[in-house]
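Dear colleague,

Please find below the structure that I am handing over to you. My notes on it follow.

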Amino acid sequence: MARHIYIHNAFCVRKCPYCDFYSITDTSSIEAFYKAAVKETSMLGEVISSNTGRNALTDIDNVDTIYFGGGTPSLPDSRLICELLESAVKAFNISPDAEITIEVNPSSVDPQKLSDYRRAGFNRISVGVQSLDDKVLKTLGRLHDSKGAISAIENIAKAGFTNISADLITGVPGESLDGIKKDIRTFKDLGVKHISTYSLMLEKGTAFYDRYKDTIEDLITPSVEREMYHGTREYLSELGYSSYEISNSCLEGYKSIHNSSYWNSCEYFAIGAGSHGYLGDMRYGHKDDVRAYIEEMNEIKPEDYRAFLEGNKSELRSLYVEEMLSDEDKMREVPFLRLRTTEGILLDEFRRIFGVEFEDVFAPAVKSNIEKGLLERKERTLRLTRSGLDLANAVIEDFL
């Protein structure tokens, strides 16, 4: 059952040159978008509360996480964000200890917004810092500088938030491992409990892809990038941060429950243009089109929304079916998702869910990657080795 909700804010002041997430800089429709998102949230709650059939919408008792991502969720007036969260609280049974996260950018968050978020019920903040080196920030096209990022984190703590996450991008031209370590040390001193470290990726359709596609290895060689990756993880460990996933580390008790739900193949609802969800056998999404989203939410009937979520209707203006999963598809998703985690594939859990042994289903891939030293078996788990982390995509490809 879906116990998680992802809400996508599609608005940004400026598109970062490395980002391939859906966002737009035209904010003229922002009020209409949030009105539509409130309607979708309320309608989703009504569909669940009135549902009596035997399907993925049945018996949803509590919501464990709500995640506002983007885009830049801290860009809109806090009134719009808080009203949307309040609509979710009214529409669902929210667990008393639910993790409720909002992503913020240092350039668009301020003490008043943080105070409003806190009162509305947010209890976790994820800050898009990316670097505390002003030259690196300029390369990344960020709107803030290092002083602004530090000030934002200090204000978050002053507002009463203790569950603070910060992002770093590694492998940026002009960046060094010593510089990354310095940033991490500063985060620790500021009370940041969770750190996400993402290696710079050149995604087609981004300004960075056009700028660096022919020269990236001259700027950051693969060996230097891997040195940064492993050096970063080792330093995080020295400071008490446990690396529980390829890109995520935290102090004890501060794992991202929402993001962990993805890696554990949990179901989740999607709200907003550009959002994606997983329900029953269906992976679904809203098209990357704010206008289509607003129009559909203004016109859609609850019975059509219900029919879509039950897998009985796919021709809608914004909502669409990405994929209908068979049991074989779901089995293949396990290594795709779980090998990202330090814990790895839980063999007993796989057998309990699917009624077969993982190593029987994927015998050739398991055998070859263990022989190559890329996978290791530890009791009833399979996980990537240190060498396997460097070739994670190739290992995962063997299981698909």
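Leaving aside its neighbours within four places in sequence, which residues is Val361 in contact with? They are Met331, Phe350 and Val356, where contact means heavy atoms within 4.5 Å. The model is a predicted one, in which local features need pLDDT of at least 70 and side-chain atom pairs count only at pLDDT 80 or more, while totals for chains, interfaces and linings use all residues. Residues are numbered from 1 along each chain as its sequence is written, and side-chain values use heavy atoms, with hydrogens and water left out.

Val361 lies in helix H15 (residues 358-361); helices (H or I, at least four residues) and strands (E, at least two) are DSSP runs, numbered from the N terminus. With a relative accessible area of 36%, Val361 is partly exposed, that is, between buried (under 20%) and exposed (over 50%), for a 1.4 Å probe and protein chains only. Leu374 is 13 residues from Val361 in sequence, and the two are 19 Å apart in space, C-alpha to C-alpha.

Turning to the strands, an open sheet of three has the order E13-E15-E14, with antiparallel pairing; two strands pair if DSSP finds at least two bridges between them. Its edge strands, E13 (345-346) and E14 (375-378), each pair on one side only. Two bridges join E13 to strand E15 (residues 381-384) in the antiparallel sense. In this pairing, Ile345 stands opposite Leu382 in E15.

Yours sincerely
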